[in-house]
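Please read this briefing alongside the sequence and the coordinates.

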Amino acid sequence: MVEDLSIIQRTYDLILWYVPRLNKLPRDVKFILGDRIQHTLYEILEGLIRARYQQEKLGLLDAMNAELGVLRYQTRLCKDLGHLDVRRYEHVSRLINEVGEELGGWIRHQRKKQ
């Protein structure tokens, strides 16, 4: 399935953009909020890769959708605490939304198959 490869690449690109910025957070924030955001990013990427190879994808895709929701709130919190400027927040939100749109399409496709 072509779209599952593209969502994995988009998630990979999101990580490549986001992690260097998280590593520049102040020490106290980097080791709490920054680590949580990175963990969520890696969980999403790993879950999408696993879903690609599973026969029953829907449960895992739904879980990744929930993780994406967590990532959105973690990112918003980072911005509201003053650690992410509005321009970067808008950019990363766009990247997250692109992943979310593809994930939603993958979920819809899997539901139609059932």
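The points below are grouped by topic, after a short note on conventions.

This is a predicted model, in which local features need pLDDT of at least 70 and side-chain atom pairs count only at pLDDT 80 or more, while totals for chains, interfaces and linings use all residues. Residues are numbered from 1 along each chain as its sequence is written, and side-chain values use heavy atoms, with hydrogens and water left out.

**Fold and dimensions**

- The chain contains four helices and zero strands, where helices (H or I, at least four residues) and strands (E, at least two) are DSSP runs numbered from the N terminus.
- Read from the N terminus on, the order of elements is α-α-α-α.
- The radius of gyration, taken over C-alpha atoms, is 14 Å, which agrees with the value near 13 Å that a compact globule of 114 residues would have; the globule rule is 2.2 Å times the number of residues to the power 0.38.
- Along its principal axes, the C-alpha trace spans about 45 × 25 × 20 Å.
- Among contacts (heavy atoms within 4.5 Å) with a separation of 6 or more, 73% are made by residues 24 or more positions apart.

**Nonpolar core**

- The largest nonpolar core comprises 32 residues, and those with the most contacts inside it are L14, Y18, I37, L41, L48, L71 and L103; such a core is a set of buried Ala, Val, Leu, Ile, Met, Phe, Trp, Tyr and Cys residues joined through side-chain atoms within 4.5 Å.
- The elements that give two or more residues to this core are α1 (2–22), α2 (27–53), α3 (58–80) and α4 (86–113).
- Not counting residues up to four places away in sequence, L103 touches I7, L48, L61, M64, N65 and L68.

**Surface and charge**

- Of the 114 residues, 40% count as buried, with buried meaning under 20% relative accessible area, exposed over 50% and partly exposed in between (1.4 Å probe, protein chains only).
- The accessible surface comes to about 6900 Å², of which 52% belongs to carbon and sulfur atoms; the areas come from the Shrake-Rupley method with a 1.4 Å probe.
- There are 19 positive and 16 negative side chains, and the centres of the two sets lie 2 Å apart; Lys and Arg count as positive and Asp and Glu as negative, without His and the chain ends, and each charge is placed at NZ of Lys, CZ of Arg, CG of Asp or CD of Glu.

**Single residues**

- Q110 lies in helix α4 and counts as buried because its relative accessibility is 6%; leaving aside neighbours within four places in sequence, Q110 is in contact with K57, L58 and L61.
- E46 belongs to helix α2 and, at 35% relative accessibility, counts as partly exposed; its C-alpha atom is separated by 21 Å from that of F31, 15 residues apart along the chain.
- E56 sits in the loop between α2 and α3 and counts as exposed because its relative accessibility is 57%; the C-alpha atoms of E56 and Q114, 58 residues apart along the chain, are separated by 9.7 Å.
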